[in-house]
Amino acid sequence: MASELYVETLKGLTSGANANKVIIPSGQTLDASAGSLLPSSGGILQRVNASTTNELTVNNGGYSNWDELDCSLTTKGANSTFLIVFNPRRMLHAYVNTNNVDCFVQFTDGTNIKRFRMYYYGSSTSESLTPTMVAEIDTSWATGTSKTVSVQGYSGGNMTLVLGDSGATSTMSVYEVAS
């Protein structure tokens with residue numbers, strides 16, 4: 001027969017070897033799977049991952065979204081920070097008839113943007129990197145807000161920007177961090 005205990009606060013004893021602790025004994029489990037257990041500020045509330053073996057090619061201006069790496073989530077906390085870890089298998093800038101042109105990679109949750117500039121200053125026709133990019137987006141979203149975090153590429157002038165490498169895996173992970 002199951003029993004239920006209704007409380008607002010659990011507090012450990014204030015003295016002794018385990019002062020100010022509430023201990024779950026060995027062999028026992030505190031099961032919060034039907035509810036939620038919110039960590040303190042700076043703790044990870046959730047992680048969402050996406051991966052693709054396709055590549056994104058962006059030519060001659062404008063931002064393009066890499067749809068296969070969209071990470072959709074429903075916020076578990078208010079005013080959280082989204083920590084984004086982006087691992088494209090390859091990032092290639094190639095220019096045609098020009099030098100010193102910008103390319104950008106940016107992350108957005110539909111409102112907030114974090115942008116990285118890759119300035120091409122090489123003398124050859126292309127420059128290939130295998131970067132890991134980490135970004136933070138501070139939000140003011142309420143708990144329970146549905147958001148999609150996207151990665152976008154931009155190529156200026158006569159540049160071509162290629163993110164990823166067909167057949168190799170590129171990934172993006174979004175961590176919601178408690179405020």
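This is a predicted model: local features need pLDDT of at least 70, side-chain atom pairs count only at pLDDT 80 or more; totals for chains, interfaces and linings use all residues.
Trainee: What makes the pair of tyrosine 63 and tyrosine 154 tilted?

Mentor: The ring centres of tyrosine 63 and tyrosine 154 lie 4.9 Å apart, and a pair needs centres within 6.5 Å. Their planes stand at 35 degrees. Stacked requires under 30 degrees and edge-to-face over 60, so the pair is tilted.

Trainee: Why is this pair said to tie together parts of the chain?

Mentor: Because tyrosine 63 belongs to strand β3 (residues 63–65) and tyrosine 154 to strand β11, the pair links parts 91 residues apart in sequence.

Trainee: Why is tyrosine 63 called partly exposed?

Mentor: Its relative accessible area is 34%. Buried would need under 20% and exposed over 50%, so tyrosine 63 is partly exposed.

Trainee: What makes the pair of tryptophan 66 and phenylalanine 86 edge-to-face?

Mentor: The planes of tryptophan 66 and phenylalanine 86 meet at 85 degrees, with the centres 6.1 Å apart. The cut-off for edge-to-face is over 60 degrees, so the pair of tryptophan 66 and phenylalanine 86 is edge-to-face.

Trainee: Where do tryptophan 66 and phenylalanine 86 lie?

Mentor: Tryptophan 66 sits in the loop between β3 and β4 (71–74), and phenylalanine 86 in strand β5 (residues 81–87), so that pair ties together parts 20 residues apart in sequence. Both tryptophan 66 and phenylalanine 86 are buried. Together with Phe107 and Phe116, they form one aromatic cluster.

Trainee: Which residues have the most contacts inside the largest nonpolar core?

Mentor: Phe86, Phe107 and Met172, in a core of 26 residues. Leaving aside neighbours within four places in sequence, the contacts of phenylalanine 107 include Phe86, Phe116, Met172 and Ser150.

Trainee: How do you know whether serine 150 is buried or exposed?

Mentor: The relative accessibility of serine 150 is 9%. The limit for buried is under 20%, so serine 150 counts as buried. Its place is in strand β11 (residues 146–155).

Trainee: What joins the side chains of serine 150 and aspartate 70?

Mentor: A polar contact of 2.9 Å. Another, of 3.4 Å, joins the side chains of serine 150 and asparagine 65. Both fall within the 3.5 Å limit. Not counting residues up to four places away in sequence, serine 150 also touches residues including Gln106, Thr108 and Met172.

Trainee: What makes lysine 147 count as lying over the face of tryptophan 141?

Mentor: Lysine 147 is at 3.8 Å from the ring centre of tryptophan 141, and the distance limit is within 6 Å. Arginine 115 lies over the face of phenylalanine 104, at 5.8 Å from the ring centre.

Trainee: Why is alanine 19 called partly exposed?

Mentor: The relative accessible area of alanine 19 is 27%.

Trainee: How many helices and strands does the chain have?

Mentor: It has 0 helices and 13 strands. Of its 179 residues, 35% are buried. Among contacts with a separation of 6 or more, 78% come from residues 24 or more positions apart. The accessible surface is about 10700 Å², and 47% of it belongs to carbon and sulfur atoms.

Conventions: Residues are numbered from 1 along each chain as its sequence is written. Side-chain values use heavy atoms; hydrogens and water are left out. Helices (H or I, at least four residues) and strands (E, at least two) are DSSP runs, numbered from the N terminus. Buried means under 20% relative accessible area, exposed over 50%, partly exposed in between (1.4 Å probe, protein chains only). A polar contact is a pair of N or O atoms within 3.5 Å; within protein, one must be able to donate a hydrogen and the other to accept it, and residues adjacent in sequence count only if both atoms are side-chain atoms. Contact means heavy atoms within 4.5 Å. A nonpolar core is a set of buried Ala, Val, Leu, Ile, Met, Phe, Trp, Tyr and Cys residues joined through side-chain atoms within 4.5 Å. Accessible areas come from the Shrake-Rupley method with a 1.4 Å probe; for residues, only the protein chains shown count as cover. Rings of Phe, Tyr and Trp (its six-membered ring) pair if their centres lie within 6.5 Å; planes under 30 degrees apart count as stacked, over 60 as edge-to-face and the rest as tilted. A charge sits over a ring if NZ of Lys or CZ of Arg is within 6 Å of the ring centre and within 35 degrees of the ring normal.
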